[in-house]
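Subject: Structure handover and notes

Hello,

The structure we discussed is below. My notes on it follow.

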Amino acid sequence: MSAWQLVAVGLVMLLGLIGVLVPGIPGPLIVWAGVLWWAVTEKSGPAWTVLMGATALLLVNQALKWLLPVRDLRAAGAPYRTLFLAGAAGIVGFFVLPVIGAVVGAVGGLYLLERVRLGGHGDAWASTRTVMRTLGLSVLVELLACLLVVGSWAGTVIAS
């Protein structure tokens with residue numbers, strides 16, 4: 001697979017990660033499609049292994065979504081922009097501090113953005129807790145699953 005194709009697959013996966021944060025865009029499906037594209041083009045053992053692992057992980061993620069509370073952005077109280085930026089902080093955090101950085105980046109980014117918006121620690125902490133209860137867990141689970149798929153793809157590409 002050429003470098004340009006790898007960049008294109010990476011951009012598709014990035015679109016999928018953003019899709020997790022934007023309602024209405026099927027982020028996990030887009031991430032999986034990127035892995036499928038890469039595996040079909042690459043045709044190697046590690047590529048097929050990553051595809052099988054990604055399929056299994058994203059299927060488990062979809063099953064977990066049925067068990068978690070439904071996302072209701074209006075009930076959370078925080079503006080869409082804040083939620084999107086907090087999710088973007090989670091994506092950056094994943095690559096700065098692998099795996100655990102996603103949670104730290106998302107929750108920390110949400111708190112900092114709410115602190116700037118609301119002005120004080122108490123109000124920001126209350127808003128952060130409300131957002132996390134309302135939709136944070138389901139979004140974090142979905143984002144973490146997609147980040148693990150993207151991370152395993154990137155690790156396999158770098159190792160080859």
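Which side chain does the side chain of Glu114 join in a polar contact of 2.3 Å? The partner is the side chain of Ser127. A polar contact here is a pair of N or O atoms within 3.5 Å; within protein, one must be able to donate a hydrogen and the other to accept it, and residues adjacent in sequence count only if both atoms are side-chain atoms.

Before the rest, the basis of the notes. This is a predicted model, in which local features need pLDDT of at least 70 and side-chain atom pairs count only at pLDDT 80 or more, while totals for chains, interfaces and linings use all residues. Residues are numbered from 1 along each chain as its sequence is written, and side-chain values use heavy atoms, with hydrogens and water left out.

Glu114 sits in helix H6, residues 100-118. Helices are DSSP runs (H or I, at least four residues), numbered from the N terminus. Glu114 counts as buried because its relative accessibility is 0%; the cut-offs are under 20% relative accessible area for buried, over 50% for exposed, and partly exposed in between, with a 1.4 Å probe and protein chains only. Not counting residues up to four places away in sequence, Glu114 touches Ala78, Pro79, Thr82, Gly119, Ala124, Ser127 and Thr128. Contact means heavy atoms within 4.5 Å.

Glu114 also forms a salt bridge with Arg117, where the closest N and O atoms are 2.8 Å apart. The rule asks for a side-chain nitrogen of Lys or Arg within 4 Å of a carboxyl oxygen of Asp or Glu, and the count by this rule is one salt bridge. The two residues are separated by about one helical turn, because they are three residues apart in helix H6. Arg117 is partly exposed, at a relative accessible area of 38%.

Thr128, one of the residues that Glu114 touches, belongs to helix H7. Thr128 is buried, with a relative accessible area of 2%. The side chain of Thr128 reaches the backbone oxygen of Ala124 at 2.8 Å. Leaving aside neighbours within four places in sequence, Thr128 is in contact with Val107, Leu110, Tyr111 and Glu114.

Nonpolar cores

In soluble globular proteins, nonpolar side chains tend to be buried together. A nonpolar core is taken as a set of buried Ala, Val, Leu, Ile, Met, Phe, Trp, Tyr and Cys residues joined through side-chain atoms within 4.5 Å. The largest such core has 25 residues, and Leu17, Val35, Trp38, Leu143 and Leu147 touch the most other members. Two or more residues each come from helices H1 (3-21), H2 (27-42), H3 (45-67), H5 (80-96) and H7 (121-159). H7 gives the largest share, eight residues.

Val35 touches Met13, Val50, Leu51, Ala54 and Val149, not counting residues up to four places away in sequence. A second, separate core holds five residues, including Ala78, Leu83, Ala86 and Leu110.

Helix H1 has 19 residues and reaches 28 Å from its first C-alpha to its last, close to the 27 Å expected at 1.5 Å a residue. The expected span is 1.5 Å times one less than the number of residues. In H1, the buried residues include Val9, Met13, Gly16 and Leu17.

Aromatic pairs

Rings of Phe, Tyr and Trp (its six-membered ring) pair if their centres lie within 6.5 Å; planes under 30 degrees apart count as stacked, over 60 as edge-to-face and the rest as tilted. The count by this rule is two aromatic pairs. The ring centres of Phe94 and Phe95 are 5.2 Å apart and their planes are at 90°, so this pair is edge-to-face. Phe94 is buried at 6% relative accessibility, whereas Phe95 is partly exposed at 48%.

Tyr111 and Trp125 also form an edge-to-face pair, at 6.2 Å centre to centre and 70° between the planes. This pair links distant parts of the chain, with Tyr111 in helix H6 and Trp125 in helix H7, 14 residues apart. Tyr111 is buried, with a relative accessible area of 16%, and Trp125 is partly exposed at 40% relative accessibility.

Lys43 lies in the loop between H2 and H3. Lys43 has a positive phi of about 55° although it is not a glycine, and it counts as exposed at 64% relative accessibility. The C-alpha atoms of Lys43 and Leu113, 70 residues apart along the chain, are separated by 44 Å. Leu113 lies in helix H6 and is partly exposed, with a relative accessible area of 28%.

Regards
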